[in-house]
Amino acid sequence: MNSNIFLMKKIYILIFIIFSCNKIEDLPNSSIQYPEIGKIIPHVQINTLNKEIVDEPKISSKMIITKDSMILYDGNIGIEYRGSSSQLFDKKSYGFETWDEENEDMDYPLLGFPEEEDWIFYGPYSDKTLIRNKLIYDLSNQIGRYASRTKFCELTINNQYMGVYVFMEKLKRDKNRIAIKKLENDDLDSINISGGYIIKIDKSDDENGEQVYNDFNAFISNYKPNYATYQSIWFNYEYPKPKDIHNEQKQYINSYFDNFEKALSGINFKDSLSGYRKYIDVGSFIDFFILNELSNNLDGYRLSTYLHKNRNEKLKIGPIWDFNLSFGNGNYCNGDKYDTWTYKFNETCSDDFWLIPFWWEKLLEDPYFVNKLKERWNELRKKELSDENIFQMIQNYISILKNESGAVYRNYSKWNVIGKYLWPNNYVGNSYESEIDYLIKWISKRNNWLDKSINEL
């Protein structure tokens with residue numbers, strides 16, 4: 001494509017998005033009449049039955065979901081707060097389960113998603129665009145890597161409007177989510193013990209809710225991260241849960257990770273048979289790298305990082321998770337920059353407690369991995385990760401949230417944070433449009449930088 005034509009197309013899309021809507025600050029004087037809540041996007045109403053929502057345990061409540069006068073769900077749930085640092089925000093996020101009449105877990109196909117019992121209402125707050133997580137999850141699904149399926153909704157709790165939320169699948173072992181074999185406690189023979197497992201690099205809660213790593217809930221890497229002094233990498237047992245996993249299964253997955261890291265750090269790490277490729281699904285690592293670098297995810301590689309191993313298969317990384325501090329939304333450790341490598345976080349912030357495993361620098365020393373990365377990036381940039389596709393996705397979100405439903409106006413009437421700093425905002429716009437404008441321009445510059453930088457590896 002001619003470079004001038006390509007540039008003009010990007011500028012046209014950018015102008016179309018920016019000027020297709022009225023500004024948030026004009027709302028009080030606006031004569032535009034938006035549809036009532038629940039007409040365009042689902043309206044979720046929760047009644048906690050005079051109980052207070054807490055971090056744990058889930059409390060029994062009633063939930064009704066309606067859209068365009070149709071009742072999509074009317075039944076019991078158990079609900080609790082979720083998140084770590086996000087719990088400090090006024091706008092909370094919630095985890096919930098669909099329950100039957102006896103308040104027992106009940107699978108249900110909410111909002112058309114495959115039936116399950118575990119779900120999330122994620123409340124974007126410091127991300128004032130409201131769309132960062134949904135954008136990256138949708139992109140992941142487009143490129144063929146499962147991420148939580150999502151839909152926008154508006155949430156009311158005990159007759160109090162709570163704003164725009166993203167309804168999400170909770171990541172867990174399930175045939176329609178992380179599709180690995182169920183691992184029973186007595187699956188100890190040489191075949192069954194090989195899977196499935198879900199391991200997570202993340203903060204770690206022990207049984208008392210404390211940030212403690214120990215042999216019960218995690219295992220430690222034998223290899224220090226680059227630039228580390230006191231830090232180590234811990235791998236949390238996500239599935240089976242620490243209380244359910246057999247000691248021999250712990251030993252198996254611990255040894256598997258150790259053998260992978262040993263092969264990757266060894267002199268023959270490039271060998272296709274005895275090197276790291278013996279242990280990992282390279283394609284999943286490449287796509288994980290691309291999605292984290294595309295967004296410059298501040299938590300990328302070091303927190304909220306899932307890995308899973310199915311029975312008799314290699315280790316895969318993913319699904320991706322928790323990108324609210326991405327796309328230039330963080331003001332520390334180069335989170336604002338579009339022209340820096342995310343995987344080099346340890347160089348910039350070596351004092352952080354949670355560092356990135358040494359894997360990525362080493363993988364990028366292998367011409368095989370680098371060539372596969374270049375091929376995949378250039379392939380995706382033609383379609384799924386093209387500026388045109390990404391900007392069109394953003395336009396679709398804005399059309400739904402703002403132009404069609406007016407949900408953005410209701411959200412920011414409830415949460416008066418436009419133009420105000422919320423940790424860890426790098427950019428503070430004076431309107432919703434300026435937040436979207438910043439996001440689009442940041443993505444455009446990021447993609448241009450990655451086009452050059454990936455192809456020069």
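Arg177 lies over the face of Trp119, 4.7 Å from the ring centre, and the charged end of Lys134 sits over the ring of Phe152 at 5.5 Å from its centre. A charge sits over a ring here if NZ of Lys or CZ of Arg is within 6 Å of the ring centre and within 35 degrees of the ring normal. The model is a predicted one, with local features needing pLDDT of at least 70 and side-chain atom pairs counted only at pLDDT 80 or more, while totals for chains, interfaces and linings use all residues. Residues are numbered from 1 along each chain as its sequence is written, and side-chain values use heavy atoms, with hydrogens and water left out.

Tyr252 and Tyr256 make a tilted pair, 6.2 Å centre to centre with 35° between the planes. The two tyrosines are 4 residues apart in helix α3 (residues 247-265), so about one helical turn separates them (helices are DSSP runs of H or I, at least four residues, and strands of E, at least two, numbered from the N terminus). Tyr252 is partly exposed at 22% relative accessible area, whereas Tyr256, at 11%, counts as buried (buried is under 20%, exposed over 50%, partly exposed in between; 1.4 Å probe, protein chains only).

Leu380, in helix α7 (residues 367-381), is buried too, with a relative accessible area of 1%. Leaving aside residues up to four places away in sequence, Leu380 touches Ile143, Asp287, Ile290, Leu385 and Ser386 (heavy atoms within 4.5 Å).

Notes: Rings of Phe, Tyr and Trp (its six-membered ring) pair if their centres lie within 6.5 Å; planes under 30 degrees apart count as stacked, over 60 as edge-to-face and the rest as tilted.
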